[in-house]
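Please look over the sequence and the structure first.

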Amino acid sequence: SEGRGEQILKTDQDNALLLRDGFEFPGLAEVAAQFNAALADFGYPPCPGNIMLTNPLWQQPLAAFRESLRQWLYGPDPEGPMRLAIFFDARCVAGDAALLQAARTHLETLLGGQDQYLARFAAAADQFHEPGRWWTRLTGKRDEQPLDLKKLGTFPIVHGVRALALQQHLRPTGTAARLRLLVEQGHLEAELARDVLDALHFVMALKLTHQLRQREAGEQPGNLVRPSDLGTLERDPLQDALGIVRRFRGVLQQRFRLNSL
């Protein structure tokens, strides 16, 4: 989300270092440790998944990283698609941006004709579904099922658009920019793209409001919200937004033939 420019509250660290082939520096490990420690001092906690410069997987020469990309595509590691998604949203913040562009070009070459892999990659956007008719059960009962605003709202949109962008070899990292290019190149209907972006922005704003309320109450900010805690002006648009998400998932199912997986 930081790489896509779609995060307001601070998240944990996600960073990597691509090195020129043949580059060597004996103090590199110490520099990487200092970098991650400095970010922690700024308020960005270490990544629980260890996606940081101090992890050798995310600190590699270009040639070795190209091989990592190939392994994420064709290898048996179940974490491969997630790592590929993280890389696909990366943007250069310092140094030689051509190294990142070279890695992206290599990924596009590897993906040539890999429709089956793209389908498996896109399928993640269709794995979460809201409880049936949740909006009719707003009595505050103990068995009320909370809604996960990330799994049900932002993730299906972000990952679905990411999969479409990956399929078409689009370079922008932001969801809005990806949607705009998909429409311009005729890969997505303009009306659907508009609705999907509106839904994303609404759920992002609702999630932010909910997390700020949690902070004020001394709670750990999270993505779970009980429908009965939402006001009418939040609940009704959320119902509409999740309806757009369902419609978008249907497009992904057809585009990537997810029902045949």
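## Cavity and helix pair

The lining of the largest cavity divides into five nonpolar, one polar and three charged residues, where Ala, Val, Leu, Ile, Met, Phe, Trp, Tyr, Cys and Pro count as nonpolar, Asp, Glu, Lys and Arg as charged, and the others, Gly among them, as polar. This is a predicted model, in which local features need pLDDT of at least 70 and side-chain atom pairs count only at pLDDT 80 or more, while totals for chains, interfaces and linings use all residues. Residues are numbered from 1 along each chain as its sequence is written, and side-chain values use heavy atoms, with hydrogens and water left out.

A search of the whole structure finds one cavity of 30 Å³ or more, a cavity being a set of points on a 1 Å grid over the protein atoms alone where a 1.4 Å probe fits but cannot get out, with lining residues having an atom within 4 Å of a point. The largest cavity has a volume of about 60 Å³, the space filled by probe spheres set on the points, which are joined across faces, edges and corners. Its lining is formed by F87, F88, R104, L107, E108, L166, H169, L170 and R171, and α4 gives the most, with three residues.

The axes of helices α6 and α7 come within 10 Å and cross at roughly 45°, axes being lines fitted to C-alpha atoms over the stretch in contact, with angles from 0 to 180 degrees between N-to-C directions. Helices are DSSP runs (H or I, at least four residues), numbered from the N terminus. The contact, meaning heavy atoms within 4.5 Å, is made by these residues:

| Helix | Contact residues |
|---|---|
| α6 | I157, V158, V161, R162, L164, A165 |
| α7 | T175, R178, L179, L182 |

By class, this contact of α6 with α7 has seven nonpolar, one polar and two charged residues.

How values were computed:
Helix = DSSP H or I, 4+ residues; strand = E, 2+ residues; numbered from the N terminus. 1 Å grid on protein atoms, 1.4 Å probe; cavity = no way out; pocket = protein on both sides within 12 Å on 5 of 7 lines; lining within 4 Å.
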